[in-house]
Amino acid sequence: MITYLIRRLIAAAALLFVVSVITFSIFYLVPRLAGASPESLATRYVGRAATEDTVKLTAERLGFYDPIYVQYGNWAKGLVAGAEYDMGAQTVECPAPCLGYSFLTRQAVFPELVDRAPVTFSLAIGAAIIWVVFGVSVGVLSALKRRSFFDRAAMTVALAGVSMPIFWTGLMALAIFSYKLNITAPGGSYTPFLTNPGEWAYDLLLPWITLALLFSAQYARLTRAGMLETMNEDYIRTARSKGLKEHRVVIKHGLRGALTPILTIFGLDFGLLIGGAVLTERVFNLNGLGNYAVQGIFANDLPKILGVTLVAALFVVLANLVVDLMYAVVDPRVRAR
């Protein structure tokens, strides 16, 4: 097990390196290949009224005249040792880990990501609990009551949940439950968990449900398909022939065998959500990582976009690493291998 863990950690580190190289190349190499000059790249960091000499000086200070591998090396060095940016009149320090410096807002990217991360974490964790519990439960019941009214109704609702876009369901939920019925909190409100747990849950209840509706439908269909397959296996009939109670057969043997694909997609979904639930945060005006990335896109602020992209990749890799370890807990065949 220790050897497997070490091997997976090495693979995760290598994957993060590859992702960082590709992401950096997309933002800094591809524009150069498309014909952009160091001066045109530097215009994103100066005002509109900047002179030609100012643009050239900015491009030189930011290292845009250096080869791309030197630029990447300086950026990667900032992750470990921090970085300094020569602004002419002053030198700006970006302490490690430096994911970049926004010259538009005059702020380092990493501290801003840390400030916004609790919002995204809260949104992702609450929604994940709801969609896993609800989706898996409905999927199991639909498989056990195959072709019944409950099965057909649940799968119809699941199909509708997958089909409806989050920006429509979110706006409709806000209009009905927040502004008309005054049941849930309006968009834009967030209370830290340690300040008031009850208010924290109240503010995020509607975003949780709205986001979970999209994912729980997918998990219900996947669980149903997995349960229909595993409940016809020989070991299920053997368990029943031994006199085990039905709920133990379903949960311990049937559901356990159907959890492997669910764990796989959960690792991807949860990792991407931690990286930023863009549409949900925009609809409910939550200042999380996704909203931060959208602001960077609108302002053409590349360090913000690059920082969020790398954080999202980090959490996807970490989530899949945890999922790989969970396979050994869920599936005994993995431990045997």
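Visitor: Is glycine 82 buried or exposed?
Guide: This is a predicted model, in which local features need pLDDT of at least 70, side-chain atom pairs count only at pLDDT 80 or more, and totals for chains, interfaces and linings use all residues. Residues are numbered from 1 along each chain as its sequence is written, and side-chain values use heavy atoms, with hydrogens and water left out. Buried means under 20% relative accessible area, exposed over 50%, and partly exposed in between, with a 1.4 Å probe and protein chains only. Because its relative accessible area is 15%, glycine 82 is buried.

Visitor: Which residues is glycine 82 in contact with, leaving aside its neighbours within four places in sequence?
Guide: Glycine 82 is found in the loop between helix H4 (68-81) and strand E1 (83-86). Helices (H or I, at least four residues) and strands (E, at least two) are DSSP runs, numbered from the N terminus. Contact means heavy atoms within 4.5 Å. With those neighbours left aside, the residues in contact with glycine 82 are Lys77, Cys94, Pro95, Ala96 and Cys98.

Visitor: Which cysteines does a disulfide join?
Guide: A disulfide is a pair of cysteine sulfur atoms within 2.5 Å, and the structure holds 1 disulfide. Its S to S distance is 2.2 Å, and the two residues joined are cysteine 94 and cysteine 98.

Visitor: Is the link of cysteine 94 and cysteine 98 right-handed or left-handed?
Guide: Both cysteine 94 and cysteine 98 are buried. The angle about the S-S bond is 105 degrees, and the link is right-handed.

Visitor: How many helices and strands are in the protein?
Guide: The C-alpha atoms fill a box of roughly 85 × 55 × 40 Å, taken along the principal axes. Of the 337 residues in the protein, 42% are buried. The protein has 14 helices and 4 strands.

Visitor: Are H9 and H10 roughly parallel or roughly antiparallel to each other?
Guide: Two packed helices are described by the angle between their axes and the distance between the axes. Axes are lines fitted to C-alpha atoms, for helices over the stretch in contact, and angles run from 0 to 180 degrees between N-to-C directions. Helix H9 (residues 234-241) packs with helix H10 (residues 246-274) at an angle of about 160 degrees, their axes being 10 Å apart. Since angles under 35 degrees count as roughly parallel, over 145 as roughly antiparallel, 65 to 115 as roughly perpendicular and the rest as oblique, H9 and H10 are roughly antiparallel.

Visitor: Which residues of H5 and H6 make the contact?
Guide: Helix H5 (residues 109-144) and helix H6 (residues 149-163) have their axes 8 Å apart and pack at an angle of about 140 degrees. That angle makes H5 oblique to H6. The contact is made by Val138, Leu141 and Ser142 of H5 and by Phe150, Asp151, Ala154 and Met155 of H6.

Visitor: Which residues of H12 are buried?
Guide: Helix H12 (residues 289-298) has 7 of its 10 residues buried, so H12 is largely enclosed by the rest of the structure. Just after H12, asparagine 300 takes a positive phi of about 55 degrees. The buried residues of H12 are Leu289, Gly290, Asn291, Tyr292, Ala293, Val294 and Gly296.
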